[in-house]
Amino acid sequence: MTIVSAFNVGKNPVVVGDLLLSGPERSEQSMGIPVVGDITQVFPVGSGWSIVGLRQKVNLVAPNCVIAWADSQLGASIVIKELRNMASCRPLCFDDLAKYFTTLDPDVVKLYHLAFIE
C-alpha cells in the first residue's frame, strides 16, 4: 500500500509519499502509525497483511527529477541508481525518462512490476 501525490505550491513542485512497507502478516506485531494508531485498524489480525517496515519512497534523482516508488524496493533501487548515473552525464528530460522505461527488459519490468507514470 503506497500513496504518492504531486502538486505545485506557487511555481514550486512538491512530491510527497508515505513510508510504510506492507507485506505478509507477522505473528508478533505491535506497531502504531500516526493518525490511525494501531496497525490492526488498517490490516486486521488474520488479514494476511501487515506493515513490515519503513522506507523512503520519494527520491531525488537529479535537480530536476524526483522518483516515487511502490512495490519492489530492489527494483526501485536499481532504477534509481541507473537514472542517477544518466543524470550525472547530462540533465534529464522527459524524453530521456520515457525512453529509459520503454527500453527496459520486459522480464525485468514484469519481475519488479515497473511502471512509468507522468
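A polar contact is a pair of N or O atoms within 3.5 Å; within protein, one must be able to donate a hydrogen and the other to accept it, and residues adjacent in sequence count only if both atoms are side-chain atoms. The model is predicted, so local features need pLDDT of at least 70 and side-chain atom pairs count only at pLDDT 80 or more, while totals for chains, interfaces and linings use all residues. Residues are numbered from 1 along each chain as its sequence is written, and side-chain values use heavy atoms, without hydrogens and water.

**Exercise 1.** Determine where S72 is placed and which backbone nitrogen lies 2.8 Å from a polar atom of its side chain.

*Solution.* S72 belongs to the loop between β8 (65-68) and α1 (73-89); helices (H or I, at least four residues) and strands (E, at least two) are DSSP runs, numbered from the N terminus. S72 has a relative accessible area of 17% and is therefore buried (under 20%; exposed is over 50%, partly exposed in between; 1.4 Å probe, protein chains only). The backbone nitrogen in question is that of G75.

**Exercise 2.** State where L60 is placed and whether L60 is buried or exposed.

*Solution.* L60 lies in strand β7 (residues 58-62). With a relative accessible area of 55%, L60 is exposed.
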